[in-house]
Amino acid sequence: MFARVVRYQIPEARFGEVVPAFRNAVEGLREVDGHKGGYLLIDRDNAMALTVTLWENQAAMEASEVTASRLRSEAINAVEGAIQTVDRCEVALDFSETAQV
């Protein structure tokens, strides 16, 4: 499995709008082949957010680049925030509740 991890800076005054702004992006990603789920993580103290999207394999993650880029840009532009980093990683260990380590 592979993951795309994106860090966003959010204006403090717009922080309450982050979750609704990303809902459309989530719906759009659910329709992309190879998408295996993900997370929107928010840090109110530092006015930042992270998205972690999970992909069946590296090919699926790479094939999603254009769609994912458009969706993340639309979401973050809606709150006048900024994309700080986009990282692509292999999931080396899954220690979620449903995983068998």
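Select β3 and β4 (82-90) to begin: each supplies at least two residues of the lining of the second largest pocket. Helices (H or I, at least four residues) and strands (E, at least two) are DSSP runs, numbered from the N terminus. The model is predicted: local features need pLDDT of at least 70, side-chain atom pairs count only at pLDDT 80 or more, and totals for chains, interfaces and linings use all residues. Residues are numbered from 1 along each chain as its sequence is written, and side-chain values use heavy atoms, with hydrogens and water left out.

Next, display Tyr39, Leu54, Val91, Leu93 and Asp94, the closest to the centre of the second largest pocket among its 13 lining residues. A pocket is an open set of points on a 1 Å grid over the protein atoms alone where a 1.4 Å probe fits, with protein on both sides within 12 Å along at least five of seven lines; lining residues have an atom within 4 Å of a point.

Move to the largest pocket, where Phe22, Ala25, Val26, Leu29 and Thr53 lie nearest the centre among 22 lining residues. Helix α1 gives the largest share of this lining, 8 residues.

Finally, select Tyr8 and Phe22. Their ring centres are 5.1 Å apart and their planes at 70°, so the pair is edge-to-face (centres within 6.5 Å; planes under 30 degrees apart are stacked, over 60 edge-to-face, the rest tilted). Tyr8 is buried at 1% relative accessible area (buried is under 20%, exposed over 50%, partly exposed in between, with a 1.4 Å probe and protein chains only). Phe22 is also buried, at 4%.

Conventions
Rings of Phe, Tyr and Trp (its six-membered ring) pair if their centres lie within 6.5 Å; planes under 30 degrees apart count as stacked, over 60 as edge-to-face and the rest as tilted.
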